[in-house]
Amino acid sequence: MSGINKNILRSMLIGSYIVVIGFCIFGISAIYGYLNTGADRSSILHTELKKADQYLPKTTWAPLKNEGRSMDDQTLKMIENDYLDAWYVKLVAYRSNKKRGIEDYYTNKARQNIYNAIDLNLSEGTSMESTTLEHNPTLEFFSEDGQLVVLTDHNVIEYKRIYKGEALLLETSEVSTYKVILLLEDGFWRIRHMVKQDTQEQKKETGLPVFIESKNIKGINYYPQATPWDMFGVGFNIETIAKDFSIVKEAGLNNVRIFIPYDDFGKAKVKADKLEKLKQILDVAESQELMVMITLFDFYGDYSVLDWTLNHRHAETIVSTFKNHDAILAWDIKNEPNLDFKSRDQSIVTAWLEHMLTLVKSIDPNHPATIGWSNDESAIILKDKVDFASFHYYKKIDGLTATYKRLKTQIPNKPVILTEYGISSYNGFWNFFGNSENDQAQYHEKIQGIFSDNEIPYMSWTLYDFENVPKAVVGRLPWRRNIQQKFGFISTDGTKKVSFKYISK
């Protein structure tokens, strides 16, 4: 028995020895691996957010004709990444007035200029919120030892907002050219020298889009009945949409307004499957001889200046993909952005809208662009920038004629289109004094008369009643949600309501 115990003890000692040796070998290999691994640039990017999540300016290199050593694609991409990272950390530093991260992307001399600017801002109580939207670098020189690069970055589009405390002192858009020298240090390209050579006010888009025959616009805002506010999700069914577009066409309408959700489409990296679904919708609309107004940036509400480059990539992908589609009527930059004025600051929302208008019109000069304001009071904002004015009207219709005539006076040389109107037929527990289906029909009969008398182009809200309205749209309050469910011309069981008779004039 004692011999067996000795053997057990001996086995335990040998096993413990093997385990200890194994841990030692693992520890040594881990240390060796760490010492032979290059630094991860993202781990030393001392900013609130990584560039990939927040900053994607359009960057277009000129054809390579540089002096010195020939440039390969991989090295050029490294230079581009580090150069844009340097821009990003500087933009963040000027916004926060903190110096973290600057030393990773600028050499000693170059970073001192940034530090001086931050110190001046701190002493003056100022800060700058800014971004660059476009870079056009030309590689001028690449040294034979591969350690130095000279480039000229032409026509850099910059947007800046300078604050003193919370007060906005200056808002400006510029187009500048920079001469830049970068050095390769520790495996990364750092800016050694950056000089602004030329600056001018940003050129405004002046191209004229195709003319909208506004008097002929008779349309409707559209979501499939089963998937309201989720048209491109898992419930997407092109056959259902085709049937609905046939109903719209047979009712005497000639266009539909649809909505592109920003997050659902992939933000800056637009998803291919979403583009394919949108193409199918446009193809079906074309087959029914319907035109489509595409409303961009649905459910987007940030507007932060450093977010603008992502917004640009999103709109650029969608607009460039479909600008030549025959079903496109117009681009609506955003639905009811004035509802964000209080929470996001009217000046920043308006500046964002103006820049998005400029971008969309530069990509597609042949289709008009507008903004879907939630009321008539806001419709005059950026009236000189939009190609036609767009407003929504849910007030008592007795005032519509005067409202429309006033807008035509304030915006005399452009079409004015009513892109949302309607009335709910809900009068249940949460709204005892609401409207019946007959009341809804009378409303639409009367408003069609106003349209005819004043030649008002229109798009109603909406084709269907909905079983469910997402809380993200109207909140949790049942009286708001139930009212929103009953704006349609067709009930949830598929029957046409009395108001359907007046869906068009």
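Which residues form one aromatic cluster? Y223, W229, F259, W461 and F466 do. The model is predicted. The protein has 505 residues, and 51% of them count as buried. Its fold holds 13 helices and 14 strands. Among contacts with a separation of 6 or more, 72% join residues 24 or more positions apart.

**Aromatic pairs**

- The structure holds 24 aromatic pairs.
- One of them joins W229 and F466 in an edge-to-face arrangement.
- W229 has 12% relative accessibility, so W229 counts as buried. F466 is buried too, with a relative accessible area of 2%.
- Y300 and W352 form a stacked pair. The distance is 5.6 Å centre to centre, with 25° between the planes.
- Y300 and W352 also link distant parts of the chain, 52 residues apart. Y300 belongs to the loop between β9 (291–298) and α7 (308–322), and W352 to helix α9 (residues 346–363).
- Both Y300 and W352 are buried.

**Charges over rings**

- K90 lies over the face of W87, at 4.3 Å from the ring centre.
- K99 places its charged end over the ring of Y115, 5.0 Å from the centre of that ring.

**The largest pocket**

- The largest pocket has a volume of about 730 Å³.
- Its lining has 22 residues. N335, E336, L339, V473 and Q484 lie nearest the centre.
- β10 (328–335), α12 and α13 (478–484) each supply at least two lining residues.
- The lining of this pocket divides into 13 nonpolar, three polar and six charged residues.

**The second largest pocket**

- The second largest pocket has a volume of about 500 Å³.
- It is lined by 27 residues. K90, Y94, N113, I114 and A117 lie nearest its centre. K90 is also the residue over the face of W87.
- Five elements each give at least two residues to this lining: α3 (73–96), α4 (108–124), β3 (126–142), β4 (148–164) and β6 (188–201).
- α4 gives the largest share, seven residues.
- By type, the lining of the second largest pocket has 13 nonpolar, eight polar and six charged residues.

- S130 is found in strand β3. The relative accessible area of S130 is 4%, so S130 is buried.
- Which residues does S130 contact, leaving aside neighbours within four places in sequence? They are L91, Y159, K160, V305 and L306.
- D153 is found in strand β4. With a relative accessible area of 0%, D153 is buried.
- Not counting residues up to four places away in sequence, D153 touches Y83, W87, H135, N136, P137, S176, T177 and Y178. W87 is the residue whose ring has K90 over its face.
- D153 and Y178 are 25 residues apart along the chain. Their C-alpha atoms are separated by 5.1 Å.

**Backbone details**

- The peptide bond from W461 to T462 is cis, with omega near -5°. T462 is found in the loop between β14 and α12. W461 is one of the residues of the aromatic cluster.
- D186 is not a glycine, yet its phi is positive, near 55°. D186 lies in the loop between β5 (167–185) and β6.
- Is D186 buried or exposed? D186 is exposed, with a relative accessible area of 68%.
- L382 has a positive phi of about 55° and is not a glycine either. L382 is found in the loop between β11 (369–373) and β12 (389–393).
- L382 has a relative accessible area of 14%, so L382 is buried.

Note on methods:
Residues are numbered from 1 along each chain as its sequence is written. This is a predicted model: local features need pLDDT of at least 70, side-chain atom pairs count only at pLDDT 80 or more; totals for chains, interfaces and linings use all residues. Side-chain values use heavy atoms; hydrogens and water are left out. Rings of Phe, Tyr and Trp (its six-membered ring) pair if their centres lie within 6.5 Å; planes under 30 degrees apart count as stacked, over 60 as edge-to-face and the rest as tilted. Buried means under 20% relative accessible area, exposed over 50%, partly exposed in between (1.4 Å probe, protein chains only). Helices (H or I, at least four residues) and strands (E, at least two) are DSSP runs, numbered from the N terminus. A charge sits over a ring if NZ of Lys or CZ of Arg is within 6 Å of the ring centre and within 35 degrees of the ring normal. On a 1 Å grid over the protein atoms alone, a cavity is a set of points where a 1.4 Å probe fits but cannot get out, and a pocket is an open set with protein on both sides within 12 Å along at least five of seven lines; lining residues have an atom within 4 Å of a point. Grid points are joined across faces, edges and corners, and a volume is the space filled by probe spheres set on the points. Ala, Val, Leu, Ile, Met, Phe, Trp, Tyr, Cys and Pro count as nonpolar, Asp, Glu, Lys and Arg as charged, and the others, Gly among them, as polar. Contact means heavy atoms within 4.5 Å.
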